[in-house]
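Work through the exercises below with the sequence and the model open. Try each task before reading its solution.

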4 protein chains.
Amino acid sequence: MVIMSPSMTFQPVLERIAGEIERMPGRGRAADYIPALAACDPRRFGMAVAELDGTVYGVGDWRQPFSTQSITKVFTLALDLAREGDELWEHVGREPSGNPFNSLVQLEYESGIPRNPFINAGALVVTDRLQTRTGDAAGELLAFLRAESGNPSLDFDKEVAASESAHGDRNAALAHFMKSYGNIDNEVPVLLDQYFRQCSVMASCADLALAAGFLARHGSRADGSRLLTLTQAKQVNAVMLTCGTYDAAGEFAYRVGLPGKSGVGGGIIAIVPGRCTLAVWSPGLDERGNSVAGVAALDRFTTLTGVSVF
Amino acid sequence: MVIMSPSMTFQPVLERIAGEIERMPGRGRAADYIPALAACDPRRFGMAVAELDGTVYGVGDWRQPFSTQSITKVFTLALDLAREGDELWEHVGREPSGNPFNSLVQLEYESGIPRNPFINAGALVVTDRLQTRTGDAAGELLAFLRAESGNPSLDFDKEVAASESAHGDRNAALAHFMKSYGNIDNEVPVLLDQYFRQCSVMASCADLALAAGFLARHGSRADGSRLLTLTQAKQVNAVMLTCGTYDAAGEFAYRVGLPGKSGVGGGIIAIVPGRCTLAVWSPGLDERGNSVAGVAALDRFTTLTGVSVF
Amino acid sequence: MVIMSPSMTFQPVLERIAGEIERMPGRGRAADYIPALAACDPRRFGMAVAELDGTVYGVGDWRQPFSTQSITKVFTLALDLAREGDELWEHVGREPSGNPFNSLVQLEYESGIPRNPFINAGALVVTDRLQTRTGDAAGELLAFLRAESGNPSLDFDKEVAASESAHGDRNAALAHFMKSYGNIDNEVPVLLDQYFRQCSVMASCADLALAAGFLARHGSRADGSRLLTLTQAKQVNAVMLTCGTYDAAGEFAYRVGLPGKSGVGGGIIAIVPGRCTLAVWSPGLDERGNSVAGVAALDRFTTLTGVSVF
Amino acid sequence: MVIMSPSMTFQPVLERIAGEIERMPGRGRAADYIPALAACDPRRFGMAVAELDGTVYGVGDWRQPFSTQSITKVFTLALDLAREGDELWEHVGREPSGNPFNSLVQLEYESGIPRNPFINAGALVVTDRLQTRTGDAAGELLAFLRAESGNPSLDFDKEVAASESAHGDRNAALAHFMKSYGNIDNEVPVLLDQYFRQCSVMASCADLALAAGFLARHGSRADGSRLLTLTQAKQVNAVMLTCGTYDAAGEFAYRVGLPGKSGVGGGIIAIVPGRCTLAVWSPGLDERGNSVAGVAALDRFTTLTGVSVF
């Protein structure tokens, strides 16, 4: 359902939303499991929209780099799927987890095959497979993000990666557990190093809205070359809609109605297939790990513009 | 993404699909827990598309009434939501279950609040609330289906309702269990009677495609009056996409890419918001309770027409 | 390990324990799910010891009848095992549950076979089977308790049975759930009526200590006739030790070191094989449903006398 | 219940059991997850009984060293409990798990506190704490076993320890997982090295029956010095009875009726408090990881002698 006229410009909508968010009382709390995230002011807010041709609109802190965290899982999924195709789905499922994002329970009942590529266990499998195919999964990701965003200064945050590693026992447990089922190829320390670097990428709303453009363009990259087939692009969007926001995918679909992927750094990207991509950032999280102001801003965006997949 | 031109007619697409399905080897097995379903030939197949204005196209057994079963859960949800509004969501969630459709496990961990309105426990809650508000939930449903489909001969199948009741210990367990948490108002035998009658409605693909039209028309009924607000219609579609096909919602979103709801009678309805509704029937089920030929036909439909929400 | 000399009399030990319990500060809270139990003063306390020959010692409220509740599960188990033998174990397990006493989770994972005869689901199975064999399971139980205790005035409490029935949705859910797996023979309302009457038996510590004597006498009843074989008596004691105190069987074994069975009425029975039986009553419960003063008194008894199976 | 007269000698009983076991048809399969265990002939059999004064009786391969594996968990538990006392129980529970021995599920629901010291997770916690207190947990264990058995040639099997380490992903997952909850002190690789060495100890039935003697002697070591208090010894026996044989503790209590601990190498030790200790070995395992002939032999022993705690 696209009510908005094609000629409408997004800038006034973004400014209206920023005003409303400014007056929003609660904002949740920034993630506090590593110092770099805990230091973020939960009231900061930025939002960007990128049209298919690369035109970007923005408001607030939309050019401020932040820790992308789990948002990168969408990109590594696409990069591995482009190389490997459907074989990937023998190693990771595509069903919602119905459980918190780092649960070991389901993994045990399902013999080491994670439910989907966006829970941590599933993202470890995707990174492991991309690592096997490229020898440098995190580097491959960074190169792709730089190319699509047109921003060569995008980079890892070494301090964040080191912090994640120092608090990485849960992910180490997941990786060893799946390796015990034969579902991890690389040595666990190698995999974790790649994974923590991947999560540490710093990027702004503008960068992310541009970099995710291929999912709104049905698989085509910024330069017109094809990363994913039309069917694959549709499939990645479907997985984002059903699994992209941890244990709140139903709630997100209900409120926002777009494929989306969030990160504990407070960022969220969302896709309007055939129309545009959105990126929003505000570090305060709700109890399920999604940005409070971010979800509210996307909710308002779809309400104000009538843009929704439903 | 709507590739199909608005002037294109659906009839040739349906006929092509029917031909392909005809040559499909496996079809799964009909549900066998009650005699009336077990007697169905798993190779029967019908499909219908209804446009927003009520024009219907069809192929195969598209006018043959079959047992709608869980498909009715969409309609009772809409009927209760129209009356009750958001208060309903304090009694039933909207997250995918990540577990088989009649699981007690999650219900126990979440203190009697079912995960969503499309698992049996959630549907029992919805029927219970509609019963409290109307005094005759099943009658209300039947009246609505007759009005929207324009088919006054639609009716319950008393034999099916009696069979369900005779095999109803699992649903009785669910109802008593939720009542122990205070989440069921009516007496359990009264609720079960309403619920089994609701599931026993016989309708054809043509009937269902027409009856579900309000979800493609953003909440408006066939006569132009409003059942749901635009936002509510969008929300029901979102819940269908994330939770409508038992434990295979991710798979269905991935393959078909439309909000849909299946029943163990072999029927499935699917919504293309703003464009049309689809209904398909073939009694052979896969191991997760969805029609094998039905899912395949919807998959082909979206591939051939380019219609998808993604 | 029996340190106590055979000629030692239990009376001074019981009096010392009663004095210590008198000075114990906290006592927990009486069960409050039915009015008859909620009305009990949590500070009441009684304790009795019966020797093999029927000599009984007692202290405090040891002649006061109370609601025996789950303690009766030991007796129905023995009565059914005496009739049915090992076939019973195809319908109920004998492993600790590792979960709260009325959990549906494990029952679902294990296809309707309850973990052991002392969780509610398992007790329902035992009562169902005894009902099939006798036509009046509760009557059979009552006759046995009257005979063994020598107290013909023992009876059901009709008010308690009615209260249980009015709050019986959880047990109705369990029974319907197991019936859906074919593990319940009788109609659910018939079974529940028998079960709730069984739980409502009123008896005193003196009555229970005498009635449980057959488990200390390796299977022989008070009149010298045999109820269980030596092996069966040993087996019932083993199941009591590993499963008799809800989710605290390990803790009870650790602290008390005797086979025991508790009830939410605040009673506990315990067996010293070859030596004596104990019964204690105090209505205040801990968070796992066991009598606070009751467990403390049994702990003191085994410490003071050196009586323990370990 | 001790029917056997004190003057009776165990030798004829052991020989009768060995003869019966010789004629037993099935024996299960040796553990095959590491080569050293897989190479064992499942039909080998040995059994020993040690009286309180150190007199040992034996039959079959009773002097043949085998891989003790999880049997060592009893000894590290006692060694840590002797040092640390009840504080240990804040880090590991003492309830039966009701789940397979290396389950992560329960660990997650209970925030990193393992259910008991005999599942792998709990044993890792005990070894971790003993390591913190001694700096060499495995060395401490070996010294104790040598002293109690009077056999200075007892040693680790380096090949087995290396094999365990090579297949150690599941245990690494458990350790990292608990460390993420703050319930492991040492670095995971250090802990695993200690743990795998501990499991690799080679000992015979004679060695183990002697080494476990302190549990039959209410805490006193072979030289008369005290390792555990009388209460602690009783408590370790209680934990063995309720948790010592993986997911079959109820079954073991039911059949054998003694505190016992098994290992996947095919060994089992069992305690008759105040009377004697038993050790049996036969490498063929049942589906729950306990020696088939070992359990049968202990079952026969208690039946023939009337020795049982019940």
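Contact means heavy atoms within 4.5 Å. The model is predicted: local features need pLDDT of at least 70, side-chain atom pairs count only at pLDDT 80 or more, and totals for chains, interfaces and linings use all residues. Residues are numbered from 1 along each chain as its sequence is written, chains are lettered from A and ligands numbered from 1 in the order in which they are written, and side-chain values use heavy atoms, without hydrogens and water.

**Exercise 1.** Is A:Val264 buried or exposed, and where does it lie?

Solution. 
- A:Val264 lies in the loop between β6 (260-262) and β7 (267-272) of chain A.
- Its relative accessible area is 12%, so A:Val264 is buried.
- Leaving aside neighbours within four places in sequence, its contacts include A:Tyr33, A:Gln69 and A:Tyr246.

**Exercise 2.** Work out the strand order of the open sheet of 3 strands in chain A.

Solution. 
- The order is β3-β5-β4, with antiparallel pairing. Two strands pair if DSSP finds at least two bridges between them.
- β3 (66-67) and β4 (155-156) of chain A are the edge strands; each has a single partner, so one side of each lacks a neighbour in the sheet.
- β3(A) pairs with β5 (residues 201-203) of chain A over 2 bridges.
- A:Phe66 has A:Ala203 in β5(A) as its bridge partner.

**Exercise 3.** Which residues of α1(C) are buried, and what covers them?

Solution. 
- C:Val13, C:Leu14, C:Ile17, C:Ala18 and C:Ile21 are buried.
- Seen down the axis of α1(C), the buried residues fall within an arc of 135° (taken from the directions from the helix axis to the C-beta atoms), so they line one face.
- C:Glu22 and C:Arg23, on the other side of α1(C), are exposed.
- The cover includes β1 (46-51), β2 (56-60) and α14 (292-305) of chain C.

Methods
Helix = DSSP H or I, 4+ residues; strand = E, 2+ residues; numbered from the N terminus. Buried < 20%, exposed > 50% of the residue type's maximum accessible area, 1.4 Å probe, protein only.
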